Amino acid sequence: MDKNQKINCTVESCKYNNTDKEECILKQIIVTPMQDCHTKTADESMCSSYEFDY
């Protein structure tokens with residue numbers, strides 16, 4: 001894996017989102033499968049590192 005990998009993110013409510021660059025500022029994120037979802041599309045997973053920006 002590339003050491004300079006970027007995680008793009010457009011979830012403005014997440015405190016780890018740099019909205020100016022639309023990038024996640026975490027060095028790594030946790031991706032979790034959605035329970036009982038078998039669509040074979042992106043909605044089968046979610047970012048478990050999400051935290052609401054108070």
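**Exercise 1. Determine which atoms join Lys-15 and Glu-51, and what the contact connects.**

Solution. The side chains of Lys-15 and Glu-51 meet in a salt bridge, with 3.2 Å from N to O, where the term requires a side-chain nitrogen of Lys or Arg within 4 Å of a carboxyl oxygen of Asp or Glu. Lys-15 lies in the segment before β1 and Glu-51 in the segment after β4 (45–47), so the pair ties together parts that are 36 residues apart in sequence; strands here are DSSP runs of E with at least two residues, numbered from the N terminus.

The model is predicted, so local features need pLDDT of at least 70 and side-chain atom pairs count only at pLDDT 80 or more, while totals for chains, interfaces and linings use all residues. Residues are numbered from 1 along each chain as its sequence is written, and side-chain values use heavy atoms, with hydrogens and water left out.

**Exercise 2. Classify the aromatic pair in the structure.**

Solution. The structure holds one aromatic pair, a term for rings of Phe, Tyr and Trp (its six-membered ring) whose centres lie within 6.5 Å, with planes under 30 degrees apart counted as stacked, over 60 as edge-to-face and the rest as tilted. The ring centres of Phe-52 and Tyr-54 are 5.6 Å apart and their planes stand at 85 degrees, so the pair is edge-to-face. Phe-52 is partly exposed at 45%, while Tyr-54 is exposed at 88% relative accessibility.

**Exercise 3. Find how many disulfides the structure contains, and examine Cys-9 and Cys-24.**

Solution. A search of the whole structure gives zero disulfides, a disulfide being a pair of cysteine sulfur atoms within 2.5 Å. For Cys-9, the closest cysteine sulfur is that of Cys-14, at 5.8 Å, which is too far for a bond. Cys-24 is likewise in no disulfide, since the nearest cysteine sulfur, that of Cys-9, is 6.1 Å away. Cys-9 is buried at 18% relative accessibility, and Cys-24 is buried at 15%.

How values were computed. Helices (H or I, at least four residues) and strands (E, at least two) are DSSP runs, numbered from the N terminus. Buried means under 20% relative accessible area, exposed over 50%, partly exposed in between (1.4 Å probe, protein chains only).
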